[in-house]
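The sequence and model come first.

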Amino acid sequence: MNRPPRVPTLKEIAEKAGVHVSTASRVLRQPEPVDGWSASALRVRELAAELGYQRNVWAASLRTRKTTTLGVVMPRLTDSVVATTYQGIEDAATRAGYSVLLSSPRDDLDGQRAAIELLGGRQVDGLLLSSLHIPGGDFVASLPAGLPPILTLTRHGEAGLPFVGGDDFRGGYLAARHLIDSGYMDTAVIAGPRHASTANDRTAGFLAAYAELNVSLPSPRTLASTFDVEGGVEAGRLLLEGRNPPRAIFAVTDTLAIGVLGVARDLRLRIPDDLAVIGYNDIPVAAQLPVALSTIRSPAERIGATAVSRLLDMLAGREVDSVKLPVELMARATT
C-alpha cells in the first residue's frame, strides 16, 4: 500500500536553511514574503514550498492561546455592497496572517446573537459585527461573557462598541445638495428600515440640507422600506401613483433606486425630465443602467479593510476610536 509522503518538521526546515527554529517559524507565519527579507529567510520559504511543509495552526494555537482567526457576523451576504465589504475584510485579514470564520445569519437580533455565541465558542481572536441590530436595552450587557474584542461596521448605535463605516449623514446631505443645486425642491425619501443606522443617517443628512432652506418634507414623503428592489417598487408606487407625486426621489440604497426606476418606466415617466432619482452606495451596475444612476459612492471594500486594521489594533491592546470614511457624489443621468 502506498503511504502519503512524509511532511517535514519545522526543525528540519530550519536545519536545512541554516537558521534557528524560531526564525523559520517567524518567516513561515507570514502569508507572503516581506520586503527586505534576508537570503536565509527566502531560503526558508523556498524549502518549505519544495518539501511540502504545512504549518500546524492548531498546535501553534495551543502554545500561543491564539487561533489567528477572526469571526465575522454579516447578514445579507448576497447584497453586492455587503459582499464587497466582506472582500475587504478577507483580503486585509489574509495580508495580516489571519483567517476568517464567517456566519451570515438572518438580518435580525436573534439571528445575530446566535451567530455571535457560535463564533465565540470557536475561540476566534476577535469579532467583526456587521449590520448590527440595536435592541432596546444594553447590547453589550446582553452578550455572553468572555467574548473576545468586538468591533462593528456599516451600522452603529448605542452599543458601546467601536465602529467603522461610511459618513452616511454627509452622504445624505450631498445627495440633497445635488438635487437642490439641480433645481429639485419637491422631493421624497425612501428611507429604508427604521432599525438601520445607515438608513437613518442618510435620511437625516438629506433632510438637514433642505431644512437649511426652511423646506421640510411631510411624513408621507419619507417612507420606511426594506433595503431591496421590492422595497423600492412598493414605496415608489405609493409616491408616484398618488396625488401630487414628487419631482425627485432619494433612495437610501441603489437597489431601492432601481425599484423606483422600474415604477417610473411602468408609468412612462421620463428620467430625469419627469422624475429625478438618486441612490446610495454606487454598486457596479449603477453606471451601466439604461439611464445611468446618480448615487453616493460609499467605500465598501475600504470599510472592511479598515475594520480589520482597527480590530487588530484592539487585539494588540491599543485604544481604538470609531471611524467614518468619506463618501463621494457620483452625478449621472438620472438627475
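With which side chain does the side chain of Thr253 make a polar contact? The partner is the side chain of Thr255, at 2.9 Å; a polar contact is a pair of N or O atoms within 3.5 Å, where within protein one must be able to donate a hydrogen and the other to accept it, and residues adjacent in sequence count only if both atoms are side-chain atoms.

The model is predicted: local features need pLDDT of at least 70, side-chain atom pairs count only at pLDDT 80 or more, and totals for chains, interfaces and linings use all residues. Residues are numbered from 1 along each chain as its sequence is written, and side-chain values use heavy atoms, with hydrogens and water left out.

Thr253 sits in the loop between strand 8 and helix 11 (DSSP runs numbered from the N terminus: helices H or I, at least four residues; strands E, at least two). Its relative accessibility is 7%, so Thr253 counts as buried (under 20% relative accessible area, 1.4 Å probe, protein chains only). Beyond neighbours within four places in sequence, Thr253 contacts Arg202, Phe227, Gly279, Tyr280 and Asn281 (heavy atoms within 4.5 Å).

Strand 8 (residues 248–251) is covered on both faces: Ala248 and Phe250 are buried on one side, Ile249 and Ala251 on the other. In a regular strand, side chains alternate between the two faces of the sheet.

| Partner of strand 8 | Sense and bridges |
|---|---|
| Strand 6 (residues 187–190) | parallel, four bridges |
| Strand 9 (residues 276–278) | parallel, three bridges |

Phe250 is the bridge partner of Val189 and stands opposite Ile278 in strand 9.

Terms used
Buried means under 20% relative accessible area, exposed over 50%, partly exposed in between (1.4 Å probe, protein chains only). Two strands pair if DSSP finds at least two bridges between them.
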